[in-house]
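Hi everyone, thanks for coming.

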Amino acid sequence: MLLPKSYHRPNLPELVSSKALFSSLSSPSHALLVDKAITLLKFHPHHLDSLSSRFTPQSASYFLLKSQFDQTLTLKFLTWARNHPFFDSHCKCLCLHILTRFKLYKTAQTLAQELALSASDPSGSSIFQCLKDSYHVYNSSSAVFDLMVKSYSHLNMIDQAVNTINLAKSSGFMPGVLSYNSVLDAIVRSRGSVKLSAEEVYREMIRSRVSPNVYTYNILIRGFCSVGELQKGLGCFGEMERNGCLPNVVTYNTLIDAYCKMGRIDEAFGLLKSMSSKGMQPNLISYNVIINGLCREGRMKEAWEILEEMGYKGFTPDEVTYNTLLNGYCKEGNFHQALVIHAEMVRNGVSPSVVTYTALINSMCKARNLNRAMEFFDQMRIRGLRPNERTYTTLIDGFSRQGLLNEAYRILNEMTESGFSPSVVTYNAFIHGHCVLERMEEALGVVQEMVEKGLAPDVVSYSTIISGFCRKGELDRAFQMKQEMVEKGVSPDAVTYSSLIQGLCEMRRLTEACDLSQEMLDMGLPPDEFTYTTLINAYCVEGDLNKALHLHDEMIHKGFLPDAVTYSVLINGLNRQARTREAKRLLFKLIYEESVPSDVTYDTLIENCSNIEFKSVVALIKGFCMKGLMHEADRVFESMAERNHKPGEAVYNVIIHGHCRGGNLPKAFNLYKEMIHSGFVPHTVTVITLIKALFKEGMNEEMSEVIGETLRSCRLNEAELAKVLVEINHKEGNMEAVLNVLTDMAKDGLLPNSGKTAYAGG
């Protein structure tokens, strides 16, 4: 049994049994009324209301008995009678028999759900008894019980659904796979809020000799995957194949999505490719799931390749496809490509939604281009789209981060007038804005307002204020806020501690900073790159280079790759102590356990670099470039090719930028051409820096080539006017205007790789 036995002993309520009713159904008064009603329904249906006061549950039951084989008549009567008081639970049960026999399942389910919600018996036993008593008289089938189970399940009335299955089995009926699938689906949808497990129901199903079908397995696989139990999902997948039940595209899509959500994209790809070998073609959802997984992992180039593959296979991207890609590019900071997606979306007749515009607005706010953000906001409203809470909050955050609080409050007023209440995220944006302007009392006022509105400040609220006090050097108040947040049950996070550690380091209270770092570890919060770099800088300032180098090693052993800032800090510290050679060698010392002997050459160090260490190569090269050590930067760059590590886009951007600053323009230009030849698109910072440097050196032919290539790479229609302005000013020799237009185009996302945060060029 699936449920306790107490559920199986029906307590019959007010529902009168059909046997008792049928003895009185064919009385002359009922027969006369029903005949008249049938005539009116056939010829004058609008006059039927004149009979409503004379109808009783008994006469309605007799009507259904007499018309049970006439589908049209039954439906007309149901439409008229269902909202009248005489059409009680008993009548609805009788109607269910007729509707399921005619296979009118949608209408039947709507009626069954009404019946389930209005029943006074919490177990569902009385409804089952009524259906059972009238079963033979209405020439019914067990489908009526499946329907009732499905209706209960749809309403998340799982106990009643299971009780109906058990009652049906004990009465000699055999519930079908539909009943079990419905219950399984309801349990999976409940996400653990019911005691009964899907596995229990499945085992009961097998014991009852009901064969699972593809929908059964799909529900189980979805259930396991939704709670992160992919292995169990794969176990179901294997079982269904062993049992000769062929998976369908939904099966594959569910597993592909689970792999993607766990970051196992390559395995998701493998499953996608295996579909064709099983004679099955992926559908649009399959591709959307893979694209979503790739975008989450920041693998945008591969996501674009999947989009192209979709086109080859005849699939048209939908709103989900475009929005996923657009969000991915915005998160990566590649605003130009986001605009390309938006333009293609409109060109292909897919209307941008609120989600689309909110992503574009967010990307422009991150690029600090608020004018462009407001253009999208206005464009959105012109299209008749209503901004949502996230749209407004995104704009408020954008203005607040630049300290433009008057504009932020104007957006807030519009937000509240549109019926949206500010959330904790909205208030946090204002707190940040006040902290940016060092208006700490106003920031605390926002926290107070939050509390008055019934919103509890979160770790972001407190950490922002703590960071603000630290920047102002008011460490006592910062620590008071830390104490307050702990008392309010809000645990400090890595950002909270990092802000306090930085504040202490800037005040040269290094011992306290180290104590706080230890407290952070004791709390189970490992320091991040920012925390390590802050402490390394503090030790460099104090002249304790050995401790700084020790922290550098510890940082690497804990899995954090130093960035260019970390290296720059260490090089500065070493150079101040006239340890220039050691400063240079440091940039090659990545994850060696022992310190590097002084007689080891650069070549030996490069040769012994592992593949993982090359992930830090951008930071290495940038560290050299920042210090003007271009010979060393070139050596690292060349070593990549020798080790069959192709330089990536970020590496090219950094080294071209470095050679421009160092005055080696022929080298910078050759690297630019090599970059283009390799299929990379230079960042706009690189392009504009190179154009400026070439112009300054009088290398006009090379400069013209760079400008021409840049304009050719821009294919957005809205950039056409700007491109014309560049061309005219270039011909006139007005290079200041050319550079201004290119800078504005980059700011507006009209040039490829403009605003890309992944760029380490600086």
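Predicted model: local features only at pLDDT ≥ 70, side-chain atom pairs only at ≥ 80, totals over all residues.

Let's look at helix α18, residues 319–332, and helix α19, residues 335–347. Their axes come within 8 Å and cross at roughly 165°. Angles over 145 degrees count as roughly antiparallel, so that is how α18 runs relative to α19. The crossing of these two helices is left-handed.

Which residues in α18 meet α19? On the α18 side we have Glu-319, Tyr-322, Asn-323, Leu-325, Leu-326, Tyr-329 and Cys-330. Their counterparts in α19 are Phe-335, Gln-337, Ala-338, Ile-341, His-342, Glu-344 and Met-345. By type, the residues of this contact are nine nonpolar, three polar and two charged.

Now for the salt bridges, of which the structure holds 27. One of them joins Arg-372 and Glu-375, at 3.1 Å from N to O. Both sit in helix α21, three residues apart, so about one helical turn separates them. Are these two partners buried or exposed? Arg-372 is buried, at 5% relative accessible area, while Glu-375 is partly exposed, at 44%.

Glu-229 pairs with Lys-232, with the closest N and O atoms 3.3 Å apart. Here Glu-229 is partly exposed at 33%, and Lys-232 is partly exposed at 39%.

Finally, Glu-484 bridges to Lys-488 at 3.7 Å. Glu-484 is partly exposed, at 28%, whereas Lys-488 counts as exposed, at 56%. Elsewhere, shared partners link Glu-441, Lys-472, Glu-474 and Arg-477 into one salt-bridge network.

How values were computed: Residues numbered from 1 in each chain as written. Heavy atoms only, no water. Axes fitted to C-alpha atoms, helices over the stretch in contact; angles between N-to-C directions. Helix = DSSP H or I, 4+ residues; strand = E, 2+ residues; numbered from the N terminus. Parallel < 35°, antiparallel > 145°, perpendicular 65-115°, else oblique. Left-handed = near helix turned anticlockwise from the far one by under 90°. Contact = heavy atoms within 4.5 Å. Nonpolar A, V, L, I, M, F, W, Y, C, P; charged D, E, K, R; others polar. Salt bridge = Lys/Arg side-chain N within 4 Å of Asp/Glu carboxyl O. Buried < 20%, exposed > 50% of the residue type's maximum accessible area, 1.4 Å probe, protein only.
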